[in-house]
Amino acid sequence: MILRSVVGKLWLTIIVLVSLVLILLSVFLSEQVEQFYEQDQLKSLGEVGEEIQNGLTGVKNHANSRIPSSIRQKPGINAAEFNRNIEKEYVDIVTEIAGHFHTHVIITDFQGKPLFDQSAQTQRYLDGIKSVLKLDQLREELVSEDATAKRTGKLRLPKTELVERGFEDGQILVYAIPYLKDAKIKGAIVLFQKQGAFSEQDIKKWIFYSALIGIALTTVFAFFLSTRITQPLIQMQRAAEKMARGKFSTRVMVRAHERDEIAELAMTFNQMAGQLEESINLLSHEKEQLTSILRSMSDGVISINAHGKIILSNPPAERFLNLYRDPQDFKQNNSLPPTLLEVFRYVLEDEAEQMGDIEEQGRTWQLIMAPLYAREQVRGAVAVMRDVTEERHLEKLRKDFVANVSHELRTPLSMLQGYSEALLDDIADSPEMRQELAQIINDESQRMSRLVNELLDLARMEAGHIDLVLSELPVRSFVDRVTRKFSGLAGEKKIELVGEVEEGVPTVYWDEDRVEQILTNLIGNAIQHTPENGRVTVRAKWLDHHVYLEVEDTGTGIPTEDLPYVFQRFYKADKARTRKTVLGGTGLGLAIAKHLVHAHNGKISVRSELGVGTTFCVQLPQIVEDN
């Protein structure tokens, strides 16, 4: 991993460069040492050897020319022996002189025997360097073009003897040249001396050690230098990683005395980070505002990408989407419901806004879906939906109300017009018939007056204008009075009307007229929808600091699906029945009763079963407090 970093690359580059320079320098120095140190020593030995060879030749010639004739002719005197003696004396002198300069001379044949009767010390030296000389190869080397042989190695002598003779480590340098006699190679003149205090190998070894030390120091300093140079880069890398994790307040420290390129880069990075943080904060603020606006909207908003996936939705939209599928499954795939997906396809194909209503699980949603553009290309769509169930229901109620009012008014108006025309045309030819027609006209006009009055009362109640006149009211006597009022009507229809008041019901403080109006509407409806030989019970009881007034009948009952709507204006549970009853009902009684109950801070409810009967229950507090 370090080779992939800037520190590693810089460090490795410096090490390789310096190591290459040191290696080349070591090779060069080794060559120079070998060329100038050892070669110089060999050159000196070679010159000495040549001088010895020339000296032997000169001594021989000189001896031949200087031997007296008297000696030559003297019996027992051999000229060759005389020459050998002269040469031996020369060699001894040269050997002794060379020894003073730590150079030792041996003249030997190729079998390892001295050619001159040299001292025992010389013979000892010869035995010690035989392993270095390699005499079996020496002849071949000396007959070559160079006619020289170089050897290095150990002088094989006992350690004490080596110390005495100045060869502590035994390392010697040997140089051999041919020994010529009568133009023939008779042997070799071998010169050897101790290598200097620092031999070639020692010098090379120290050069190598120096190179290693140099590489080690270079590695340390290169790492220190590269680390110091790249430290700001590492800080910027760490700062960038923190920013990638969302910490946009991260900054790179820049020292005041540093004004190089990396410091400039760090300052530029800090400036960029500051601008990025500011931009992110602005975007975050705008996003929070947009999220707050979307969450506070009562309308559902859904943002859809080009692939039909949901990328944004607010809580009302979530409630709509949860009608189609499990919420957890929806969150996993973010797909559109089939109904919205079909509209989305039309939006993409036509690139135009689509509108309509969607009905699902008894709710009605108004949908508006428009395309979203990015550089003149549709990149998705946004859908806005509103729950218009109540609005559509109220609209239907309004239409039904207008239709019902029109119907309720049309019937008495038609009758008034017909009977009045009959009177005007003298169709009624007897006083009794005229009286009957006049009575019908009067009844219909009163019925129409009641309808208008109840409509006005209901309008005032819905606007919150209900004035209650509270007074002390005994419940038992009140229930008895109301039931007696309907006893005649119940008798005519052969219906049993019963009033039941439990013991312990206290005196209350209500608006007597308004509560009587409530019971009148409930009892009237009960008698109206109860067949002959049926029973209507008006019951009062005290429970949990409230008075419960119940009107129970044994009539036809109300379907379960119609129960939530029985307190609406002109609602017909039985769609086939007419509004005209013996009581002259207008269809507004239950709606008015509901408003009057709420004005007394009470509650009204209904329970019913088809073929069994219906029970209306009114719950009122004992004392009504002013709102």
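The model is predicted, so local features need pLDDT of at least 70 and side-chain atom pairs count only at pLDDT 80 or more, while totals for chains, interfaces and linings use all residues. Residues are numbered from 1 along each chain as its sequence is written, and side-chain values use heavy atoms, with hydrogens and water left out.

Let's start with strand β5, residues 300-305. Helices (H or I, at least four residues) and strands (E, at least two) are DSSP runs, numbered from the N terminus. Six of the six residues in β5 are buried, where buried means under 20% relative accessible area, exposed means over 50%, and partly exposed is in between (1.4 Å probe, protein chains only). Gly300, Ile302 and Ile304 point one way from the strand, Val301, Ser303 and Asn305 point the other way, and all are buried.

Two strands count as paired if DSSP finds at least two bridges between them. β5 pairs with strand β9 (residues 377-387) in the antiparallel sense, over six bridges, and here Ile302 stands opposite Ala383. β5 also pairs with strand β6 (residues 310-313), again antiparallel, over three bridges. In that pairing, Ile304 sits opposite Ile310. The hairpin of β5 and β6 has four residues between the strands, and Gly308 takes a positive phi near 80° there.

Now for the charged pairs. Side chains of opposite charge can pair when their charged atoms come close. With a salt bridge taken as a side-chain nitrogen of Lys or Arg within 4 Å of a carboxyl oxygen of Asp or Glu, the count comes to 15. One of them joins Asp387 and Arg363, with the closest N and O atoms 2.7 Å apart. Asp387 lies in strand β9 and Arg363 in strand β8 (residues 363-374), so this pair ties together parts that are 24 residues apart in sequence. Asp387 is partly exposed at 26% relative accessible area, and Arg363 is partly exposed at 31%.

Another salt bridge joins Arg481 and Glu512, the closest N and O atoms being 2.3 Å apart. This pair links distant parts of the chain, with Arg481 in helix α14 (residues 475-485) and Glu512 in helix α16 (residues 512-528), 31 residues apart.

Lys541 and Glu550 form a salt bridge too, with a closest N and O distance of 3.6 Å. Lys541 is partly exposed at 24%, whereas Glu550 is buried at 7%. Both belong to a network of salt bridges that also links Glu496, Glu500, Arg535, Arg539 and Glu552.
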